[in-house]
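Please open the model in a viewer and keep the selection tool at hand.

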Amino acid sequence: MVGVQIVVGLDRNLFFQIILLFFEKFINIPLNGRGNLVFKVLDGVQTVVNIAPAFGGINLEDISAPRCFEIEERLKELLDIPVFHDDQHGTAIVVLAGIINALKVTGKKKEDCRVVVNGAGSAGVAITKLLLTYGFEHITMCDINGIISSSSPNLNWMQKKMTEVTNLENKTG
């Protein structure tokens, strides 16, 4: 089952700023894909597009990588409201907050840090993207086979895309 949570009655511009403060304002509307495990992406996306104008934001729930990236990107192209996938963005926000606090406590600067993200699924990719956006330059991602590099076999399309901005030294192991 794939769930989509819809935020009711919130100004579109305030959605991300207050998402963590007003969980009681959420209505969960599960949208079950019938048939294969790909959630019938086109049918599911079209359903969300059809109902989205009545809401202030969309939260994608329990969609695994790499499907979550495809669905999220498609919805962002089609909608003018925020699209949030808690497995990605919620986790990334918490990790960044923890790292910012750790840097303050230790007196270190982000420019001097080397970051290893252990996992290259939906959360790992989102964490890495957010850390890059925040200004961390030296990030290495790992999956079950070790360090992800441009020469790693069996990467999905998003993991291949991430090799363009991570592990710039092209380390292996």
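**Starting at Leu131**

Select Leu131 first: beyond its neighbours within four places in sequence, Leu131 is in contact (heavy atoms within 4.5 Å) with Leu96, Ile99, Val115, Val117, Phe136 and Ile139. The model is predicted, with local features requiring pLDDT of at least 70 and side-chain atom pairs counted only at pLDDT 80 or more, while totals for chains, interfaces and linings use all residues. Residues are numbered from 1 along each chain as its sequence is written, and side-chain values use heavy atoms, leaving out hydrogens and water.

**The nonpolar core**

Next, select Leu75, Leu79 and Phe136 together with Leu131; these have the most contacts inside the largest nonpolar core, which has 32 residues. Such a core is a set of buried Ala, Val, Leu, Ile, Met, Phe, Trp, Tyr and Cys residues joined through side-chain atoms within 4.5 Å. Buried means under 20% relative accessible area, exposed over 50%, and partly exposed in between (1.4 Å probe, protein chains only). Among the elements that each supply at least two residues of this core are helix H3 (67-78), helix H5 (122-134) and strand S6 (138-143); helices (H or I, at least four residues) and strands (E, at least two) are DSSP runs, numbered from the N terminus.

**Helix H3**

Now select H3, where Arg67, Cys68, Phe69, Ile71, Glu72 and Leu75 are buried.

**Two asparagines**

Finally, select Asn154, in the loop between strand S7 (146-147) and H6. Asn154 has a positive phi of about 60 degrees and is exposed, at 76% relative accessible area. Then move to Asn167, in the segment after H6. Asn167 has a positive phi of about 45 degrees but is buried, at 4%.
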